[in-house]
Amino acid sequence: MFARLREDVATIFEKDPAARNLLEVFTYAGLWAVLYHRLAHRLWLLKWKTLARWVSQWSRFMTGIEIHPGATIGRRFFIDHGMGVVIGETAVIGDDVLMYHNVTLGGTSLEKTKRHPTIEDGVLIGMGAKILGNITVGARARIGANAVVIRDVPPDSTAVGIPARIVGQSIMSPSSSVMDASLNAPDPNAEALRLLREDMQLLGQRLSTLENKKEPETKIPFPTSNSQ
């Protein structure tokens, strides 16, 4: 237990440049939410589900982060800031995942099946993102801020927009900054409209050039009675 705690603290120092000392780290809501969840999840697996729900609700009251005790969470999971995070019952989160505030891992089905997302290892989820349904976000993927993800995201890719679209690859080494330019990638619809406007402007310029080069029409005089 203490080894896992040391690992969690080390993860915070690694991923949050604002962390300055150990006492300050223990004020982080994200750390306490993970610790409460481990207790609630253990109770859930022991079939003490009502008690597990009480622990999870106490965690929600204390931290502003709601994690269902049935959710499966891997190692070195860090929720930065954390307020407004909701993680559903059948969600699965791998190792080394970084999540920001107001993120939802939600379900889209009323059936008692796997209805929440699976987040693989090393994923970064930007603030305000919504990942919905029984979908998979591949390893080391990046989810942009306020994205709404309703389809699978391939590994090592970046998803942005509403609904989210894949805009490129985002392969990063462990030493790279987690808040890289991939989260500021352009919206694909806006980019397509920009290219269309440029093509229309170029076409208009070509038409104007052709009209200026066009020779004036020769007028044929209409015969009159005086000319006969």
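Biologist: Why is H81 called exposed?

Modeller: H81 has a relative accessible area of 58%. Exposed means over 50%, buried under 20% and partly exposed in between, using a 1.4 Å probe and protein chains only. At 58%, H81 is therefore exposed. A word on the source: this is a predicted model, where local features need pLDDT of at least 70 and side-chain atom pairs 80 or more, while totals for chains, interfaces and linings use all residues. Residues are numbered from 1 along each chain as its sequence is written, and side-chain values use heavy atoms, without hydrogens or water.

Biologist: What makes the backbone of H81 worth a look?

Modeller: H81 has a positive phi of about 65° although it is not a glycine. Most residues other than glycine have a negative phi. H81 sits in the loop between strands β3 (78–79) and β4 (86–87); strands are DSSP runs of E with at least two residues, helices are runs of H or I with at least four, and both are numbered from the N terminus.

Biologist: Which peptide bond is cis, and how do you know?

Modeller: The bond joining I162 and P163 is cis, with omega of about -10°. P163 is in the loop between β14 (157–160) and β15 (165–169).

Biologist: How do you know that T63 is buried?

Modeller: T63 has 6% relative accessibility, so it counts as buried. It belongs to helix α4 (residues 49–63). Setting aside neighbours within four places in sequence, T63 is in contact (heavy atoms within 4.5 Å) with A29, W32, A33 and M83.

Biologist: What makes the pairing of T63 with S59 a polar contact?

Modeller: A polar contact is a pair of N or O atoms within 3.5 Å; within protein, one must be able to donate a hydrogen and the other to accept it, and residues adjacent in sequence count only if both atoms are side-chain atoms. A polar atom of the T63 side chain lies 2.6 Å from the backbone oxygen of S59. The T63 side chain also reaches the backbone nitrogen of I65 at 3.1 Å.

Biologist: Which residues have the most contacts inside the largest nonpolar core?

Modeller: They are I87, L105, I125 and I143, in a core of 29 residues. A core is a set of buried Ala, Val, Leu, Ile, Met, Phe, Trp, Tyr and Cys residues joined through side-chain atoms within 4.5 Å. A second, separate core has 10 residues, including I12, A19, F78 and L98.

Biologist: How many cavities of 30 Å³ or more does the search find, and what makes a space a cavity?

Modeller: The search of the whole structure finds one. On a 1 Å grid over the protein atoms alone, a cavity is a set of points where a 1.4 Å probe fits but cannot get out; lining residues have an atom within 4 Å of a point. The largest cavity has a volume of about 40 Å³, where volume is the space filled by probe spheres set on points joined across faces, edges and corners. Its lining consists of D8, T11, I12, G30, L31, V34, F77 and F78. Helices α1 (2–15) and α3 (29–45) each supply at least two of the lining residues.

Terms used:
1 Å grid on protein atoms, 1.4 Å probe; cavity = no way out; pocket = protein on both sides within 12 Å on 5 of 7 lines; lining within 4 Å.
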